[in-house]
Amino acid sequence: MALKNVIGIDHAVVMVKDLDKAAENYRQLGFTVSPRGTHSAHMGTGNYTIMFDPDYMELLGVLAATEHNAPARAFLDKRGEGIERIAFTAVDSTAGAEEIRARGFTPVGPTDFERPVTLPDGTVSAAKFRTFMWPTAEAPGGVRIFACQHKTRETVWIPQLMKHANAAKRIRQALIATPEPAKEAAHLGRLIDREPFAEADGAVTVRSGGDRADFVYLSLEQLGKRYPGVPLTGLSERGGAALVLVSGDLAATEKALGSAAVRSGPAICVPPAKANGTLLAFVAG
């Protein structure tokens, strides 16, 4: 029986070494990037968001070493930049944590935190969250998962931040490289109570819930066959990740990406070396 308090992919977290440089890089790729946010002190992190509908990307950097961000720092040390974790939307994080506890997984949290937000009219408000994580060791394909309850959606999904020169609209798939796609997909399936299914090329998909993006586990070789001609330099054999983004206008996408764009079949891609360790593949909506 599927989890009642977890309703699909909410956002993907791209861990970066230099937060401000990463934000400027994504601006150069045609994304509208939010003002910089600084999380509560115990988190020790700052972020920029790239808002879509109904999901988003988060560029996350460590500002001060804390116990809470130790796994993120370990990720940067071991693997470098890239997708370090993926969040689900939590209806109620407290109830969601109890749901996974009842299934034998000890949750990390729930944890409350916030960050100040400067709204388009110049006023300052706060974005407030309550999150819980599956145990750190439970990271299918090397990518951690957690759930995020948005207490103040109006300070996160700001209309002015949701329009992008590259025409990005939403996340369609999160692709995670692993030598054992079936095993890792089954692992995620157990964590969120969903059945994996095999694709024609040997990749294995797990629906995240609702109308949200899918998880797809596949080998690095399979990923290369899906996007021929796109250099995958920098992607880890286990845990290297890509996002398939829906574009409202592929001509606008290609123009905005400029020299970073690589055409690959029906997709327009940005290699991981040019997107802070994450392969971006834009496809028609």
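The model is predicted: local features need pLDDT of at least 70, side-chain atom pairs count only at pLDDT 80 or more, and totals for chains, interfaces and linings use all residues. Residues are numbered from 1 along each chain as its sequence is written, and side-chain values use heavy atoms, with hydrogens and water left out.

Helix α1 spans residues 19-28, and its buried residues are L19, A22, A23 and Y26. These residues cover an arc of only 100° around the axis, which puts them on the same side of α1. The arc is that of the directions from the helix axis to the C-beta atoms. Buried means under 20% relative accessible area, exposed over 50% and partly exposed in between (1.4 Å probe, protein chains only). Helices (H or I, at least four residues) and strands (E, at least two) are DSSP runs, numbered from the N terminus. K21 and Q28, on the other side of α1, are exposed. The buried residues of α1 pack against β3 (45-51), β4 (56-62) and β16 (279-284), contact being heavy atoms within 4.5 Å. Just after α1, G30 adopts a positive phi of about 90°.

Strand β8 (residues 144-150) is largely enclosed by the rest of the structure, because seven of its seven residues are buried. On one side of β8 the buried residues are R144, F146, C148 and H150, and on the other they are I145, A147 and Q149. Strand β5 (residues 82-90) runs parallel to β8 and is joined to it by five bridges; two strands pair if DSSP finds at least two bridges between them. The bridge partner of I86 in β8 is I145. Strand β7 (residues 124-133) pairs with β8 in the antiparallel sense, also over five bridges, and F132 stands opposite A147.

Strand β12 (residues 214-218) is likewise largely enclosed, since five of its five residues are buried. D214, V216 and L218 cover one side of this strand, and F215 and Y217 the other. Strand β9 (residues 168-177) pairs with β12 in the parallel sense over five bridges, and I176 has Y217 as its bridge partner. Strand β11 (residues 204-207) is antiparallel to β12, with four bridges between them, and V206 is partnered by F215. The hairpin of β11 and β12 has six residues between the strands, and G209 in the turn has a positive phi of about 125°.

Nine aromatic pairs are counted, where rings of Phe, Tyr and Trp (its six-membered ring) pair if their centres lie within 6.5 Å, and planes under 30 degrees apart count as stacked, over 60 as edge-to-face and the rest as tilted. The ring centres of F132 and W134 are 5.4 Å apart and their planes are at 40°, so this pair is tilted. Both residues are buried. Ring pairs link F88, F132, W134, F215 and Y217 into a cluster. The charged end of R85 sits over the ring of F146, 5.8 Å from its centre, and that of R153 over the ring of W157, 4.0 Å from its centre. A charge sits over a ring if NZ of Lys or CZ of Arg is within 6 Å of the ring centre and within 35 degrees of the ring normal.
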